[in-house]
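Colleague: Please take a close look at one helix for me. I would like to know how it sits in the fold, and what surrounds it.

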Amino acid sequence: DFDGVISHSIEVKTNAFYKLYEMYGKDISDKVVNHHELNGGVSRFEKIKFYHENYLNKNITEHELQVLINQFSDIVIDGVIKSPYVDGVYNYIKNSSKKYKLFISTATPTEEIKKIIKEKRIEKYFTDIFGSPSKKTDHIDIIINKYGFKTNQLVFFGDSVTDLLAAKEKKIKFILVENKYNKLLRQKYTGTIIKSFKDLK
């Protein structure tokens with residue numbers, strides 16, 4: 001994953017969702033933010049459709065959706081690029097890339113995440129980068145089929161229920177990265193949880 005795993009960028013996107021729905025009043029904006037924070041790893045395409053249909057009682061056209069997606073991207077991209085790294089992750093990525101193939105699987109749109117990774121100057125460490133609109137389970141399938149891995153050779157670092165479910169469905173090891181947004185998940189999860197990448201080799 002990327003947000004909350006590699007970069008402290010969840011709050012940037014939380015603020016963007018608030019701004020996107022601010023015109024509909026504080027109650028709507030607060031509901032949007034609450035849902036967003038509880039549903040990390042779900043693409044903004046799905047979230048915006050959900051918010052329009054369930055909170056605004058509006059059907060959204062593909063054109064309207066794309067306009068909002070573009071507005072969202074304009075708000076977040078600079079903030080995400082400038083977001084600090086999760087503790088220890090930069091050195092972990094740099095060192096691990098010498099021994100393993102590394103991939104990013106995120107709900108951020110593919111072209112946007114590629115631009116972010118390039119601007120953060122870490123693209124050279126990753127074998128491939130995957131984003132939305134395709135699902136994380138699809139990303140895992142591509143990694144397995146294209147690069148010839150077996151499921152027991154893969155590890156998924158994530159911070160959300162979406163990440164965990166994708167790893168479970170594809171039967172690959174999952175490591176939960178702790179942050180302030182996944183307290184409920186941490187309480188239920190019985191597998192490996194890390195606070196920092198500093199102690200990982």
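Modeller: A residue counts as buried when its relative accessible area is under 20%, and as exposed when that value is over 50%. Keep in mind that this is a predicted model.

The helix is α8, residues 161-169. Its buried residues are Asp163, Leu164, Ala166 and Ala167. Viewed down the axis of α8, these buried residues fall within an arc of 165°, so they line one face of the helix. An α-helix has 3.6 residues a turn, so residues three or four places apart point the same way. The other side of α8 carries exposed residues: Leu165, Lys168 and Glu169.

What lies over the buried residues? The cover includes two helices, α7 (136-147) and α9 (183-188). It also includes two strands, β3 (155-158) and β4 (173-177). Just after α8, Lys171 takes a positive phi of about 60°.

Now the charges. The structure holds 13 salt bridges. Asp1 pairs with Lys136, and their closest N and O atoms are 3.0 Å apart. This bridge links distant parts of the chain: Asp1 sits in the segment before α1 (10-21), Lys136 sits in helix α7, and 135 residues separate them. Asp1 counts as buried because its relative accessibility is 11%, under the 20% cut-off. Lys136 is buried too, with a relative accessible area of 6%.

Two other bridges lie within helices. In α4 (residues 62-82), Lys82 and Asp78 are four residues apart, so about one helical turn separates them. Their closest N and O atoms are 3.0 Å apart. Lys82 is exposed, at 64% relative accessible area, whereas Asp78 is partly exposed, at 42%. Asp163 is one of the buried residues of α8.

Asp30 is partly exposed, at 32% relative accessibility, and Lys26 is exposed, at 54%.

To sum up α8: the buried residues line one face, and Leu165, Lys168 and Glu169 are exposed on the other side. Among the elements covering the buried residues is α7, the helix that holds Lys136.

Terms used. Residues numbered from 1 in each chain as written. Predicted model: local features only at pLDDT ≥ 70, side-chain atom pairs only at ≥ 80, totals over all residues. Heavy atoms only, no water. Buried < 20%, exposed > 50% of the residue type's maximum accessible area, 1.4 Å probe, protein only. Arc of directions from axis to C-beta. Contact = heavy atoms within 4.5 Å. Salt bridge = Lys/Arg side-chain N within 4 Å of Asp/Glu carboxyl O.
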